[in-house]
Amino acid sequence: AAARWVNALRRTAQAVADGHPTRYVAIGVFGGVFGAFAGLGGGVVMTPLLTCSGLTQHAAQAASLAAIASTGLLGASGYAQAHEIDVEAAAMMCAGALSMVPLGARLAFRFTSRSLSKVFAGLMLVSGPAIPLLHTDTFKEIQQSLAQQRSPLAYAAIGCAAGLASGLLGVGGGVVMTPLLSALTDLPQHTVLGTSLAAMILPSLASLYAHAARGVLSSAFAIPLALGAVGGAVCGVTGALHTGEQELRIIFAVGLVLTGGRMLLR
């Protein structure tokens, strides 16, 4: 499964490099599939691919947010039909995230595009290995202990961290919520994915508005991305619900590490 994702990413990157007329739709489709499959909005793969096509980091983040909202909405709908969303956790994380998005967006424009790209890459390289690592036997007792103590405030705190990342990096926040939910709660991995997607819808829209207000959002990029993400999200949810929990964790880790590493080395 990991090899298929690597090959798909390579083909999409080649389409971008070749200037294919449907490249933004293709990026949206890939981002939607990966995002719904991994409990992310897809910004972690769309933003790097957009910067490869010549957009600045700020413009790429703004464009990807439109697709992230689409992925979150369609993805969450699919998981909801399968009863794989913890509504209380999603609501508390959403509230926490909304409170921090404005601060993150203000901070984003204090960084140069290059610096922001490095921060983005660093977050992915840390978040990627976290899920499989924290589910090893070494951390199992710690995880179970933390899971028993979970509270609405803990979900709100996760949301605050995700909202800061959403505003700062132009992501939906799933890159923060998914590993933390997986590590600190006893929610099944499918429920973690559905809950993360549901919680990121409003924060990603708030972050989109904040970036648009700064004049870095272009509909020429955002609309094709969002359209592609809609179709990709449907496929991603279907695939995720038929994939084992450990495989989902590995796909999440491999996808983020590969993307983060590529961004860091650019």
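## Second largest cavity

The second largest cavity is lined by Leu-40, Gly-41, Gly-42, Gly-43, Val-44, Val-171, Gly-172, Gly-173, Gly-174 and Val-175. Two elements, H3 and helix H9 (174-184), each give two or more residues to this lining. The model is a predicted one.

The space in the second largest cavity comes to about 40 Å³. Across the whole structure, the search finds 2 cavities of 30 Å³ or more.

## Packing of H3 with H12

Two packed helices are described by the angle between their axes and the distance between the axes. Helix H3 covers residues 43-52 and helix H12 covers residues 245-265. Their axes lie 10 Å apart, at an angle of about 30 degrees. Angles under 35 degrees count as roughly parallel, and H3 and H12 are therefore roughly parallel to each other. The crossing of H3 past H12 is left-handed.

## Residues in the helix contact

On the H3 side, the contact is made by Val-44, Val-45, Pro-48 and Cys-52. H12 brings Leu-256, Thr-259, Arg-262 and Met-263. By class, the contact of H3 with H12 has 6 nonpolar residues, 1 polar residue and 1 charged residue.

Methods: Residues numbered from 1 in each chain as written. Predicted model: local features only at pLDDT ≥ 70, side-chain atom pairs only at ≥ 80, totals over all residues. Heavy atoms only, no water. Axes fitted to C-alpha atoms, helices over the stretch in contact; angles between N-to-C directions. Helix = DSSP H or I, 4+ residues; strand = E, 2+ residues; numbered from the N terminus. Parallel < 35°, antiparallel > 145°, perpendicular 65-115°, else oblique. Left-handed = near helix turned anticlockwise from the far one by under 90°. Contact = heavy atoms within 4.5 Å. Nonpolar A, V, L, I, M, F, W, Y, C, P; charged D, E, K, R; others polar. 1 Å grid on protein atoms, 1.4 Å probe; cavity = no way out; pocket = protein on both sides within 12 Å on 5 of 7 lines; lining within 4 Å. Points joined across faces, edges and corners; volume = space filled by probe spheres on them.
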